[in-house]
Amino acid sequence: MTSTSTPPGLTRFNTLEEHAAHAALHEVCAATAWAKRLLAARPYATREDLYAASDAAMAGLTAADLDEAMAGHPPIGRPRPGDPTSAREQRGMAGASDALKAEMLELNLAYQEKFGHVFLICATGRTGEQMRDAVRERIGNTPEQEREIVRTELGKINRIRLARLVEEEA
């Protein structure tokens with residue numbers, strides 16, 4: 001495929017110097033192993049090729065890699081101050097009632113105590129109530145079940161963030 005048929009945002013990503021591309025990927029996912037696998041497969045001819053590489057890299061992450069990825073995510077209901085990505089993704093909690101925010105804080109703490117990491121969900125497009133219901137449901141999972149759900153949710157988040165990365169103008 002020629003560079004003229006590759007979308008401009010993807011061409012820009014493909015041609016970034018390695019350290020800049022790594023930094024951009026780290027903003028998508030904090031797992032170093034994931035970023036290294038995506039860097040090693042550049043250049044990508046299509047967005048779908050990039051997404052497929054992301055999915056394959058996510059499937060290959062170890063438990064330690066998943067921990068590293070999750071460490072890059074703030075708790076639901078508490079986006080990082082000054083982080084527009086975090087605020088955008090958690091928009092469903094922005095207008096939540098004080099009671100829902102307090103309940104979500106309690107559920108987040110109980111989840112973290114049980115599993116040892118933040119409750120992670122692809123929050124984009126979800127309401128505060130939907131996120132609360134998900135944590136209520138998932139807190140009953142075994143650690144093994146939850147680890148695989150987290151892997152799936154991270155994959156969804158990564159795809160959304162990669163789409164933004166390669167669609168944005170320089």
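Where is the place of His73? His73 sits in the loop between H5 and H6. Helices here are DSSP runs of H or I with at least four residues, strands are E runs of at least two, and both are numbered from the N terminus. The model is predicted, so local features need pLDDT of at least 70 and side-chain atom pairs count only at pLDDT 80 or more, while totals for chains, interfaces and linings use all residues. Residues are numbered from 1 along each chain as its sequence is written, and side-chain values use heavy atoms, with hydrogens and water left out.

His73 counts as buried because its relative accessibility is 9%. Buried means under 20% relative accessible area, exposed means over 50%, and partly exposed lies in between, with a 1.4 Å probe and protein chains only. Not counting residues up to four places away in sequence, His73 touches Arg80, Val118, Leu120, Leu154, Ile157 and Arg161. Contact means heavy atoms within 4.5 Å.

His73 also belongs to a cavity lining. Rolling a probe the size of a water molecule over the atoms shows where empty space is left. On a 1 Å grid over the protein atoms alone, a cavity is a set of points where a 1.4 Å probe fits but cannot get out. A pocket is an open set with protein on both sides within 12 Å along at least five of seven lines. Lining residues have an atom within 4 Å of a point. Grid points are joined across faces, edges and corners, and a volume is the space filled by probe spheres set on the points.

The structure holds one cavity of 30 Å³ or more. The largest cavity has a volume of about 140 Å³. It is lined by 15 residues, of which His73, Glu89, Gln90, Ile121 and Ile157 are the closest to its centre. Helix H6 (84–89) and helix H10 (143–167) each supply at least two lining residues. The largest share, three residues, comes from H10. By class, this lining has nine nonpolar, four polar and two charged residues. Ala, Val, Leu, Ile, Met, Phe, Trp, Tyr, Cys and Pro count as nonpolar, Asp, Glu, Lys and Arg as charged, and the others, Gly among them, as polar.

The largest pocket has a volume of about 360 Å³. Of its 19 lining residues, His26, Glu27, Val28, Thr85 and Arg161 are the closest to the centre. Helix H2 (18–28), H6 and H10 each give at least two residues to this lining. H2 provides the largest share, four residues. The pocket lining divides into seven nonpolar, five polar and seven charged residues.

The largest nonpolar core has 45 residues. Such a core is a set of buried Ala, Val, Leu, Ile, Met, Phe, Trp, Tyr and Cys residues joined through side-chain atoms within 4.5 Å. Phe13, Leu25, Trp34 and Leu162 touch the most other members. Helices that each supply at least two core residues include H1 (8–15), H3 (32–40), H4 (47–59) and H8 (98–115). The largest share of this core, seven residues, comes from H10. Beyond four places in sequence, Phe13 touches Ala21, Leu25, Arg42, Tyr44, Leu50, Leu165 and Val166. The peptide bond from Arg42 to Pro43 is cis, with omega near 0°. Pro43 is found in the loop between H3 and H4.

Asp65 is found in helix H5. Asp65 is buried because its relative accessible area is 16%. Its C-alpha atom is separated by 8.0 Å from that of Trp34, 31 residues apart along the chain. Leaving aside neighbours within four places in sequence, Asp65 is in contact with Ala31 and Ala33. A polar atom of the Asp65 side chain lies 3.0 Å from the backbone nitrogen of Thr62.

Asn141 is found in the loop between H9 and H10. With a relative accessible area of 15%, Asn141 is buried. A polar contact of 2.8 Å joins the side chains of Asn141 and Glu146. A polar contact is a pair of N or O atoms within 3.5 Å; within protein, one must be able to donate a hydrogen and the other to accept it, and residues adjacent in sequence count only if both atoms are side-chain atoms.
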